[in-house]
Amino acid sequence: MVQRRSAHNHTRDCAIWVHEFTIKEGDNDLLVVVLYLLDASVIAVLFDSIASGYHRLWSHRSYAASVPLRAFLLFGGTSAVQGSCLWWAKAHRSHHHHTDTDLDPYNSSRGLLWTHVGWMLVKTKSKTGVGNGNVEVSDLKKDPLVKWQHDSYFPLAVFWGLLMPILMAGLGWGDWPGGVCFAGAARLTVAHHSTFCINSIAHYLGSTPYDDTLSPRDHLLSALLTMGEGYHNFHHQFPMDYRNAYLWYQWDPTKWFIATCNFLGLARNLKVFSGNEIEKGMLTMELKRLKKIQDELRWPLKTDELSIWSWDKFQKEAENRALVLISGFIHDTSSFLANHPGGKRLLESYVGKDATDAFFGGVYRHSNAAQNLLAMMRVGVIEENKETQEVFPPSERLYIAQRHVKC
């Protein structure tokens, strides 16, 4: 006889679904918990079918899958009720082809709400076919499994997306309400909003370590919410790579699932972008960051910006201020006399003189920091050395220069 457990029968709230189980008297509560954990694991794997199947397999062809794996991913993707694989992949390819434009179905320039759910509610150019019409999907139309799923999508979605999860909970351990509310409705809500986060917050939250031309960004939170799809900046730069997370420690369970399938012989030809080119992208963005810092710093005057002094002029001016000649450059050290680590008197002893040898080891071998500071005191170039003055302080020996090219 099936009955609701009373306090006398040790009623417990299940921490997984946060509601009372309806089970047969004498059943083991631990078994029920295990069954729900198993159900949750199955749901997670089925949800990952969108990421590993709809997205990385069919939208980007980043690996090849065996027939059993293709069928599993197709049915799992159907259970997410996010449209047929053909429709989903066509829209996604359009997104990559027209990113951040009016032909992008999830155009991030329209705002966060639009990218999350708004794009589904309003008819746009991409929905009428203007944008999607020129996206190549002939490979998908020739795939018999994909074509069958597309033609039979609605009955398949009802069965795999609603009936099957409800039946698992209902027939498996008698929890029909839980099947409807959690395995059915709650699962679909979480799965949909998780996918929507790829279109929304993955274009707003995070960094751009590979390229900053477009809006996609990398962030751990996005990855946690989307089964590893949150390293979106990498993905938009290298879409054919089966990985969304390039670094080994980054959260990408979909990558690990595909790699496991490859190990088991269910997947093959896993595509990875050239590591050399990935590193170039990272280097470019790091150089951009450093270039911004470089442009905000003050630097010594260039040689051609300095006036040329005769030796006599240098000697005469040195009578009124602490001018020192080092490597052909005339430096005004007046403001530094009191702070000179070797003492004011030592520095004054070289006023009006060539102190090159003393500065570079004759008295003390000065550090790079001292050389950089000295360069900021340049006021002129001695005439006798004007053709040999391409002397750079340590801070300028590595200098980021931007090349302007015609597009």
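How many of the 407 residues of the protein count as buried? The share is 44%, and the views below look at this predicted model piece by piece.

View 1. Now look at contacts between residues at least 6 apart in sequence: 62% of them join residues at least 24 apart.

**View 2. Four strands line up as an open sheet.** Reading across, the order is β3-β6-β5-β4, and the pairing is mixed. Strands β3 and β4 (323–326) form the edges, so to speak, each pairing on one side only. From one strand to the next, the twist averages 40°. As a reminder, strands of a sheet pair through backbone hydrogen bonds, either parallel or antiparallel.

**View 3. Strand β6 (residues 378–382) is mostly covered.** Of its five residues, four are buried. In the sheet order, you can find β6 between β3 and β5.

**View 4. Strands β3 and β6 pair in the parallel sense.** Three bridges link β6 to β3, which spans residues 307–309. To find your way, look for isoleucine 308, which stands opposite valine 381 in β6.

**View 5. Strands β5 and β6 pair in the antiparallel sense.** Here, too, three bridges connect the pair, with β5 covering residues 329–332. Phenylalanine 329 has valine 381 of β6 as its bridge partner. Histidine 331, in turn, is partnered with arginine 378 in β6.

Conventions:
Residues are numbered from 1 along each chain as its sequence is written. This is a predicted model: local features need pLDDT of at least 70, side-chain atom pairs count only at pLDDT 80 or more; totals for chains, interfaces and linings use all residues. Side-chain values use heavy atoms; hydrogens and water are left out. Buried means under 20% relative accessible area, exposed over 50%, partly exposed in between (1.4 Å probe, protein chains only). Helices (H or I, at least four residues) and strands (E, at least two) are DSSP runs, numbered from the N terminus. Two strands pair if DSSP finds at least two bridges between them. Contact means heavy atoms within 4.5 Å. Axes are lines fitted to C-alpha atoms, for helices over the stretch in contact, and angles run from 0 to 180 degrees between N-to-C directions.
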